[in-house]
Amino acid sequence: MSAEETMGDNEEMAGEYDTLITEGRKNNFCMIFLKVFAVVLLVGAVCASLFSKYDTWKPFDPKEECDLSVGEWIPNPAGPAYTNETCLHIQPYTNCLKNGRPDKDYLYWKWKPSACDLPPFDPLLFLNIMRDKSWAFIGDSIFRNHAQSFICLLSKVAEPYDVFHDETFSTRTWYYPSYNFTLYIIWSPFLVQNEISEFQGDGPQTRIHVHLDILDSKWTTMYNMFDYVVLSGSQWFYKSSIMIEDNQVIGCHNCPFGNIKELGVETPYRKALQLTFKFITTSKNKPFVFLRTWTPSHYENGDWPNERICNRSKPFTKGQISGDLTDLKMRGIELEEFKKAATTGARNGVKIKLFDTYPISLLRPDGHPGPYKNFHPFDGKNQNVENDCIHWCLPGAIDTWNDMLMKMVISGYDHDSISASSRI
């Protein structure tokens with residue numbers, strides 16, 4: 001074969017090779033295109049599926065609130081944040097450990113909301129956020145009980161000065177100078193004006209007059225000093241009382257006089273809440289207001305004080321108890337009046353939050369002093385002692401109320417203003 005023929009064959013083979021390369025590139029390109037197209041279609045299908053359900057899905061928002069009252073009590077091996085020995089602000093009748101309560105299991109539970117976490121109360125962060133501010137707890141002895149838990153938790157960081165107290169130590173003012181933070185505890189069991197007097201009948205008795213059209217001046221005259229307010233009615237509404245409006249007796253509850261109309265407890269409580277919220281929503285001062293819901297008692301097995309007991313040693317489980325019917329009605333009134341007040345308050349620039357402690361407290365029959373409101377009640381004494389199934393042991397279940405409060409404060413606070421320096 002001549003050189004010319006060989007060269008011609010090589011050129012022909014090269015042409016065929018170039019053709020194969022070109023066709024191969026075309027085929028590869030088609031395959032790549034098809035694969036990319038398939039991926040695009042798959043991604044599109046997934047996106048379409050997600051966005052078709054967008055009305056039931058949304059990104060996680062760390063500022064979003066959950067219902068803290070829905071959840072369960074779970075074991076907490078770490079135990080309480082303080083003890084009756086590290087905190088000196090526990091009243092004798094709630095100092096269950098000092099009074100000799102033998103079981104300790106009630107100290108080792110924590111509340112776990114269903115839809116979010118509930119961190120423990122952070123006293124350093126709290127005090128730094130509350131610089132130059134004030135809190136007021138307005139209510140009965142349960143609020144005093146709650147406020148002492150509050151002070152015990154804060155005592156891990158700072159001790160307050162007692163700058164004011166009345167003769168009975170029911171109304172007090174505590175001051176934290178390093179933070180310019182003031183804590184007011186104001187005794188006002190009805191929220192409205194009342195007079196309580198003792199008189200002798202067949203035996204010592206208490207007569208209570210409740211003015212349903214006049215607010216208690218012990219808290220209203222100080223209201224412009226408050227940045228945060230926690231308030232509630234109380235089981236004092238269950239006491240025998242005479243109700244007054246416009247200086248006229250309009251009825252009573254469980255009164256010893258047969259010629260006065262029985263009003264029950266629901267109407268007086270609703271009136272007291274309505275008057276309270278009218279004042280709050282129209283006030284020039286606009287603190288952050290929490291309505292704490294009704295506090296359940298856990299009396300069992302009797303009608304008389306020396307018969308009733310509360311000797312359970314662990315929490316109820318969900319569904320195990322529904323609660324006292326009257327307690328549920330009082331809480332229902334609170335929910336109704338709160339909803340109306342929150343709407344009015346929002347229009348007037350007043351932030352009102354529901355502080356719903358009823359469900360979590362209902363599940364803690366083990367949290368009360370019972371007979372251990374007294375110092376070692378069974379040491380050589382009469383075994384037939386009166387039980388306290390309303391107040392709460394400290395430390396104990398009521399400490400969780402302050403975990404909840406802090407969570408609600410942080411949720412309602414300007415997050416941009418809470419910096420790392422708040423923990424220093």
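Mentor: A salt bridge is counted here when a side-chain nitrogen of Lys or Arg lies within 4 Å of a carboxyl oxygen of Asp or Glu. The model is a predicted one, and a search of the whole structure returns 12 salt bridges. As a general point, side chains of opposite charge can pair when their charged atoms come close.

Let us begin with Arg 331 and Asp 356, whose side chains form a salt bridge with an N to O distance of 2.5 Å. This pair connects distant parts of the chain, the two residues being 25 residues apart. Arg 331 belongs to helix α6, which covers residues 325–347, while Asp 356 sits in the loop between β13 (352–355) and α7 (358–362). Arg 331 and Asp 356 are each buried, a term that stands for a relative accessible area under 20%.

A second pair consists of Arg 364 and Asp 366, with 2.8 Å from N to O. Here again, both Arg 364 and Asp 366 are buried.

The salt bridge between Lys 112 and Asp 117 has another setting. Its N to O distance is 3.9 Å, which falls within the 4 Å cut-off. Asp 117 has a relative accessible area of 53% and is therefore classed as exposed, because that class begins over 50%. Lys 112, at 29%, is partly exposed.

Salt bridges also join residues into a network, whose members are Arg 270, Glu 336, Glu 337 and Lys 340.

Seven of the seven residues of β6 (residues 181–187) are buried, so the strand is largely enclosed by the rest of the structure. Phe 181, Leu 183, Ile 185 and Trp 187 point one way from β6, and Thr 182, Tyr 184 and Ile 186 point the other way.

Two strands that pair with β6 can be described in turn. Strand β3 (residues 134–139) pairs with β6 in the parallel sense over six bridges, and Ser 134 has Thr 182 as its bridge partner there. Strand β5 (residues 172–176) runs antiparallel to β6 and is joined to it by five bridges, with Tyr 175 opposite Thr 182. β5 and β6 make up a hairpin with four residues between them. In that turn, Asn 180 has a positive phi of about 50°.

Methods. Residues numbered from 1 in each chain as written. Predicted model: local features only at pLDDT ≥ 70, side-chain atom pairs only at ≥ 80, totals over all residues. Heavy atoms only, no water. Buried < 20%, exposed > 50% of the residue type's maximum accessible area, 1.4 Å probe, protein only. Pairing = 2+ DSSP bridges.
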